[in-house]
Amino acid sequence: MNHIHKQRAILIALIISCVAIAAGLALYALQQNINLFYSPSQIAAGQAPPAHEFRLGGLVQMHSVHHDNNSLRVTFGVTDNKNSVLVQYNGVLPDLFREGQSVVADGRLDSHNVFIADQVLAKHDERYMPAAVKTFLKQAKS
Amino acid sequence: MWLWFNKLTTSKVFYQFAGRLLPWLGALTIILLAYGLYGGLVLAPPDYQQGDAFRIIYVHVPCALLSMMIYVFMAVAAAVGLIFRIKLADMLVTASAPLGASFTLLALVTGSLWGKPMWGAWWVWDARLTSELILLFLYLGVIALRSAIPDREQAAKACAILLIVGVINIPIIHYSVYWWNTLHQGATLKLFGSSLIAPSMLHPLLAMIAAFIFYFAVVLLLRTRCEILKRERKSRWVLELKN
């Protein structure tokens with residue numbers, strides 16, 4: 001590695017660090033826009049845009065899902081274990097939707113602070129296991 | 001070491017070295033792919049939540065990993081080529097770009113196919129999906145930039161700079177699921193600590209990842225050999241090879 005090589009290497013390192021700083025600042029400034037959803041606590045704190053469409057994310061509250069008998073209408077609570085929001089949805093739910101599962105709902109808050117969802121997405125977690133292991137874990141718990 | 005490196009990067013030596021390496025890499029790819037596919041499609045039990053649909057992990061995760069690995073490989077090769085003015089580096093970059101783009105596209109498509117039944121949407125503009133899409137555009141940009149500049153050395157330089165600037169996207173893709181709220185789940189495989197996947201499902205996945213890496217190596221060497229012949233078609237050793 002001679003003198004010229006070293007100079008070029010330093011130049012490349014400089015380019016990378018400049019771009020990294022620029023990208024870091026840009027992403028920091030855009031932080032709120034990049035987040036896909038607001039949590040129920042953020043909504044309780046008034047951070048969600050009122051009268052605007054946004055996404056709500058959290059866990060489906062246990063024993064809170066109510067299906068309407070005559071239509072596709074369903075209501076359920078979404079919680080982050082601190083605060084919760086009541087969600088109303090009219091449509092087909094994804095396969096992974098169940099109580100205790102993470103979901104992301106697209107919609108807006110109405111005047112009674114009920115979240116009227118246009119779309120409900122289920123969030124999958126990073127755990128993969130066979131069905132037999134799951135039942136075994138459940139038995140071990142109870 | 002330095003001398004050996006210098007020698008290997010001459011076209012003729014690399015051409016012969018790659019030719020000798022290829023059968024071994026090819027054999028490894030086939031063995032690993034056979035085990036990975038059989039293990040992933042037959043031996044691994046269905047997931048407790050997703051059933052058989054989880055098996056797309058055996059294609060999606062290796063593709064996504066390769067899409068990032070190939071980019072880093074190209075950026076390193078481009079930087080080395082810029083610093084030491086090695087022609088071989090540019091040939092490696094040229095040979096890798098379409099491969100990287102294909103793996104990125106495959107990762108996006110397989111993810112989308114899985115996303116529709118599991119999440120309920122083909123596409124969501126979350127940080128992980130968007131940054132991976134940007135990666136695809138970076139690959140396409142490198143390919144387009146190369147073919148837009150007729151002079152080979154200038155094209156190599158321009159591509160190298162684009163690659164080096166774009167490398168900032170790689171940590172963004174990787175950490176996007178931790179930095180922001182995303183629909184995409186966090187990493188299942190952990191380099192340090194235990195992975196969040198049952199061992200019976202993990203082993204075929206690791207085999208598939210290794211198979212994809214070796215597959216990339218095989219196709220890269222084949223394409224680079226082709227590129228060497230194309231660029232050195234007037235040199236004596238290539239003409240001798242022909243006769």
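What follows is a conversation about how values and definitions lead to the words used for this predicted model.

Trainee: What is the secondary structure of chain A, and what is that of chain B?
Mentor: Chain A has four helices and six strands. Along the sequence their order is α-α-α-β-β-β-β-β-β-α. Chain B comes to nine helices and zero strands.

Trainee: Why is chain A called more spread out than a compact globule?
Mentor: The globule rule gives 14 Å for 142 residues, whereas the radius of gyration of chain A is 23 Å; that is well over the rule, so the description applies. The C-alpha atoms of chain A fill a box of roughly 80 × 45 × 25 Å along the principal axes. For chain B, the C-alpha trace spans about 60 × 35 × 30 Å along its principal axes.

Trainee: What makes a residue count as buried, and how many do in each chain?
Mentor: Buried means a relative accessible area under 20%. In chain A, 35% of the 142 residues count as buried. In chain B, 52% of the 243 residues do.

Trainee: Why is B:I149 called partly exposed?
Mentor: Its relative accessibility is 24%. Buried needs under 20% and exposed needs over 50%, and partly exposed is what lies in between. So B:I149, at 24%, counts as partly exposed. The residue sits in the loop between α5 and α6 (152-166) of chain B.

Trainee: How do you know which residues B:I149 touches?
Mentor: A contact needs heavy atoms within 4.5 Å. Leaving out residues up to four places away in sequence, B:I149 touches B:Q154, B:A155 and B:A158. The C-alpha atoms of B:I149 and B:C159, ten residues apart along the chain, are separated by 9.9 Å.

Trainee: Back to chain A. Why is A:N81 called exposed?
Mentor: The cut-off for exposed is over 50%, and A:N81 has a relative accessible area of 66%, so A:N81 is exposed. A:N81 is found in the loop between β3 (73-79) and β4 (84-90) of chain A. A:N81 also has a positive phi of about 70°, although it is not a glycine.

Trainee: And what makes A:N113 exposed?
Mentor: The reasoning uses the cut-off of over 50% again. A:N113 has 54% relative accessibility, so A:N113 counts as exposed. A:N113 lies in the loop between β5 (102-109) and β6 (115-123) of chain A. Its phi is positive, about 60°, although A:N113 is not a glycine.

Trainee: One last topic, the charges. What are the numbers for each chain?
Mentor: Chain A has 12 positive and 10 negative side chains, and the centres of the two sets lie 13 Å apart. In chain B, the mean positions of the 20 positive and 10 negative charges are 8 Å apart.

How values were computed
Residues are numbered from 1 along each chain as its sequence is written. Chains are lettered from A and ligands numbered from 1 in the order in which they are written. Side-chain values use heavy atoms; hydrogens and water are left out. Helices (H or I, at least four residues) and strands (E, at least two) are DSSP runs, numbered from the N terminus. The radius of gyration is taken over C-alpha atoms; the globule rule is 2.2 Å times the number of residues to the power 0.38. Buried means under 20% relative accessible area, exposed over 50%, partly exposed in between (1.4 Å probe, protein chains only). Lys and Arg count as positive and Asp and Glu as negative; His and the chain ends are not counted. The place of a charge is taken as NZ of Lys, CZ of Arg, CG of Asp or CD of Glu.
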